[in-house]
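Open the model in your viewer and keep the sequence panel beside it. The tour starts at the ligand and then moves to the cavities.

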Amino acid sequence: MLRERWPSRAAFIFAAIGSAAGLGNIWRFPYLTYKYGGGAFLIPYLIALFVTGIPLLILEFALGQKIQKGAVDAFAAIRRKFSVIGWWAILGSFIIAFYYSVILAWSLKYLIASFGTKWGTDTNAFFASALNLSSSVGEIGGLNWGLVVALAVVWILIYLSVFKGVKSVSKVVMITMPLPIILLIILTIRAVTLPGSAVGLLYYIKPDLRALLDAEVWVAAFSQVFFTLSVAMGIMIAYASYQKKKADVTKNAIITALSNSGISILAGFTVFGTLGYMATQQGVAVPDVVSSGVGLAFIVFPKAISLMPLASVFAVLFFLTLISLGIDSAFSLVEASGTVITDKFKKVKRSIVSLVICIVGFLGGLIFVTGAGLYFLDIIDHFVINFVILGVGILECIAVGWVFGAHKIREYFNSVSSFKIGRWWEISIKYITPTVLITIFVLQIINEIKTPYGGFPLWAILVGVGAVLVPLIISFLIPQKKVEMPA
Ligand code: PHE
C-alpha cells in the first residue's frame, strides 16, 4: 500500500506551523519576554532558535521524510532498540494531549460565557466555579459534568480533524492555521488603540540588556524554543513522513520556525497592549496585572476584556483565538500516535485507529475535569514538558547525530533541498544541542530536588514523576522490531 501524502507543500507547512503555534505562543512567550529583559530577550531566543531549534526541526523533518515512518519506526530503523525513544516521545505527547484538550474544553466553556461576559468582575471566583476547583490536590471531588461535555466536544472536533489522517488534517489546517493569525491581528489593533496600551507595550519591548548576563534567561529561551517548535514529541517526524522523499526539508523547516516565532511576537503585542490598558483603567502598575499561562487566559484576560467597549465581541474573538491556536497543536499530538499505530497495524483503517485514539484521549482527560483537575494539570504539564521533551531531545541527538551519523542525514536533506546547510548543522546536533539540553536537564533536576514543584505534597509530585517514568518503562517493555533503513 502506498503511503498517504500531503496534497500540497502548503498543507504540510500549514500543519507544521499549526502544531508549533499553540497556547504557548500566547501565554508563554510574551510573559517570558516581559520577565527576562523585554526586547533583549529576543537575543537569546533567536540564538536558541537558530543554533538548536531550527537544526532539531530540520533533523525531524529529514528523519521522517527519509524513513517514511512515524517516530517509533524511524528510530528503530537506526537501531532496533532505539524504538524506545519513539515510544517515549509518543506516550509523552499523548499525556500532553490529555490535558491540552482539557484547556481547550475550558476555552469552549469560556467562549459560551463570552456572550454577555458572564464572568462579571470577579474573574477569579468565576474561574474557580467554572472548574469546580477544590481547595487542594488531595481533594479530587467528582467530575464536572459541564466540562465533561465540553471535553467530549473537543475530542469530536479533534476526531473530525484527524479521522482520515493527513487527508482530513490538510483540509482543517487551511483554516486553523491562518484563522488565529487574523484574529490576533484584530485583537492587537484593538489593544494598541486603547488608552494606556503603550505603557504595557513598553514592558514588552523595552530592552534590558543586563538580562543577558543571567543564566536563567538563557535557560528560559532555550526551553521555550524546544517547547514552541513541538519537537521531540514525535509530531514533526510523523508529519514529515507523509512528504515525498524528494521534498524540500531545509526551507520548510525555516519557514515553519520563523512563522511560528512571528505568531509569538504578534501575540505579545496583543497581550501587553491589553494589559497596559487594563492597568491604566484600574490605576495600577503593569507588573500588578501581569500573568502567564492559565491565569492570563482565564482570569486576567477576561477581566481586561470586560473593561473594553463591545466586551462580548472581543471576548468571543479572544476565546476563538485560543481554540483555533490550540486545536491544531492538540490534533498534531494525536497524529504522532496515529502515525505510529498505522505503521504497526497497516490493515486497520485509519478512521478506526483515530477513533480509538480519540476515545482513549477523552477518557485519559477525565482526571483533569475533576475538582483537582487544575492541580494535576499543573503538575503533570511541568514534569512531562521539562523531562520528556528534554529527554527525548537528548536521545534524538545521540541516535541521529552519533549513531546514525549527522553527516549522512545532512547529505540527505541537502540533496533534496534547494537551500543547503553547512557543516555547522552537524556541530549543532552532535555537540551544541545535546550539551544545552543536558545542562537544562541537570539544572532542572537540581531545582526539583531543592524545591518541590509548586509546593505540592510529595505524593502529588510523585504522580508527576510517574507521568515521566511510567511511559519510559512501558517503552522498554514494548516488543522491538527491526525496521529496514531505506537507501
Ligand atoms: N508548540 C505548542 C505550543 O507552543 C505546544 C506543544 C508542545 C504542542 C508540544 C504539542 C507538543 O503551545
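Which helices each supply at least two residues of the shell around the ligand? They are H1, H2 and H12. Keep in mind throughout that this is a predicted model.

**Stop 1: the ligand shell**

Select the ligand and display the residues around it. There are 13 of them, and Ala20, Leu23, Gly24, Tyr100 and Ser230 come nearest. Colour the shell by helix: H2 gives the largest share, 3 residues. Colour it by class instead, and the shell shows 7 nonpolar and 6 polar residues, with no charged ones.

**Stop 2**

- Ala20: a backbone N or O atom lies 2.9 Å from a ligand nitrogen.
- Thr228: a polar backbone atom is 3.1 Å from a nitrogen atom of the ligand.

**Stop 2: the largest cavity**

Hide the ligand and look at the space it takes, which is the largest cavity. The structure holds 5 cavities of 30 Å³ or more, and the largest contains about 180 Å³ of space. Its lining has 20 residues; select Ser19, Tyr100, Phe227, Ser230 and Ser329 to see those nearest the centre. Helices that give two or more residues to this lining are H1 (9-20), H2 (23-27), H6 (83-114), H12 (215-228), H17 (311-344) and H19 (373-416). By class, the lining of the largest cavity has 12 nonpolar and 8 polar residues, and no charged ones.

**Stop 4**

Which residues line the second largest cavity? Select Arg28, Ser223, Phe226, Phe227, Ile385, Asn386, Ile389, Leu390 and Ile440. The volume of this cavity is about 80 Å³. H12 and H19 each supply at least two residues of its lining, with the largest share, 4 residues, coming from H19. The lining of the second largest cavity comprises 6 nonpolar, 2 polar and 1 charged residues.

Terms used
Residues are numbered from 1 along each chain as its sequence is written. This is a predicted model: local features need pLDDT of at least 70, side-chain atom pairs count only at pLDDT 80 or more; totals for chains, interfaces and linings use all residues. Side-chain values use heavy atoms; hydrogens and water are left out. On a 1 Å grid over the protein atoms alone, a cavity is a set of points where a 1.4 Å probe fits but cannot get out, and a pocket is an open set with protein on both sides within 12 Å along at least five of seven lines; lining residues have an atom within 4 Å of a point. Grid points are joined across faces, edges and corners, and a volume is the space filled by probe spheres set on the points. Ala, Val, Leu, Ile, Met, Phe, Trp, Tyr, Cys and Pro count as nonpolar, Asp, Glu, Lys and Arg as charged, and the others, Gly among them, as polar. A residue is near a molecule or strand if one of its heavy atoms lies within 4 Å of it. A polar contact is a pair of N or O atoms within 3.5 Å; within protein, one must be able to donate a hydrogen and the other to accept it, and residues adjacent in sequence count only if both atoms are side-chain atoms. A molecule sits in a cavity or pocket if more than half of its atoms lie within 2 Å of its grid points.
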